[in-house]
Amino acid sequence: MSTTDALEASLAQSQRAVWTYGVLGARLDDPRPDDSFASQRRDRDDLLAALDARGTTPPAPPASYELDVPSDLAAARRLAQQLERDCAEAAAALVRVTSGDERRLAVRLLQRAALRAVAWDAEPRPFPGLDRPDAG
Amino acid sequence: MIVGTGALVLAGGAVYAAERAGVLDDAVRATGVVPVPQPDRGDERRLATVRTTLSGVLAAAEAQDSPAVAALVRQQLDALGGADAAATAPVPRLQVALQDAADRVESACLGAVSPDLAQVLASASAGLLQARSLA
């Protein structure tokens with residue numbers, strides 16, 4: 001995977017998360033969707049800046065995403081944890097193909113996804129982004 | 001309880017095994033066989049530094065009766081080749097130890113030559129930040 005491809009893959013995950021947290025924020029009486037929304041927007045903007053620095057214009061995000069809207073807080077929590085796992089995995093893949101400032105960004109993205117996951121009550125893990133809870 | 005890191009332990013073990021393989025190269029060359037490329041010397045130092053750092057966090061977690069943090073850090077150490085028995089640094093407060101360790105592991109990641117090592121260290125750094133919620 002090229003660095004540009006990995007940046008775009010991370011961006012796609014972040015764009016999906018921004019959209020989803022926007023939906024959750026409108027439905028939940030809980031501060032976490034708004035906090036995660038703001039944090040994911042920062043990630044998205046950092047990734048757009050990194051791609052811009054490479055002279056790359058990424059494809060526009062879809063207008064909407066398929067979503068089973070959570071019916072309660074527990075379902076929202078599971079959805080948020082899944083979003084952050086996906087973001088962490090994309091960031092871990094980005095680390096492999098970057099150096100310098102781009103790797104620094106990839107590490108930050110991975111750390112932020114890991115912290116957002118914990119904010120949504122995910123269990124801390126030794127290697128976020130590399131170890132699926134349902135793996136081996 | 002933390003489960004499901006089997007695949008990763010293998011990956012981390014491979015990093016450690018590759019590091020150890022470096023000491024065998026002279027013997028391999030003597031047989032006329034071209035050895036596999038050695039890991040970067042700087043990466044070997046980075047991995048050793050990370051093991052020492054994590055060993056310090058493990059000591060802090062055990063001294064401050066935080067078994068959940070100790071279990072998480074022990075899994076990280078297992079994947080990276082084991083604890084450093086020589087770690088004898090003073091034990092700081094656990095929250096401080098975790099933040100400092102995350103910063104050090106991140107720094108090692110940023111300098112790593114091997115993509116495998118960089119990825120594992122980035123993830124370990126994120127895991128240490130998560131572990132602050134357990135301390």
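Two salt bridges are counted between chain A and chain B, a salt bridge being a side-chain nitrogen of Lys or Arg within 4 Å of a carboxyl oxygen of Asp or Glu. In one salt bridge, the side chains of Glu106(B) and Arg108(A) come together at 2.9 Å, N to O. This is a predicted model, where local features need pLDDT of at least 70, side-chain atom pairs count only at pLDDT 80 or more, and totals for chains, interfaces and linings use all residues. Residues are numbered from 1 along each chain as its sequence is written, chains are lettered from A in the order in which they are written, and side-chain values use heavy atoms, with hydrogens and water left out.

Now for the rest of the interface. In total, 26 residues of chain A are in contact with 33 residues of chain B (contact means heavy atoms within 4.5 Å). The two chains bury about 2600 Å² between them, 62% of it on carbon and sulfur atoms; buried area is the accessible area (1.4 Å probe) that two parts lose on being put together, summed over both. Arg96(A), Pro126(A) and Phe127(A) supply 26% of the area that chain A buries against chain B, more than any other three residues.

Then there's Arg125(A), which is buried, with a relative accessible area of 11% (buried means under 20%, with a 1.4 Å probe and protein chains only). Its side chain and that of Asp131(A) are joined by a polar contact of 3.3 Å. A polar contact is a pair of N or O atoms within 3.5 Å; within protein, one must be able to donate a hydrogen and the other to accept it, and residues adjacent in sequence count only if both atoms are side-chain atoms.

Technical notes:
Buried < 20%, exposed > 50% of the residue type's maximum accessible area, 1.4 Å probe, protein only.
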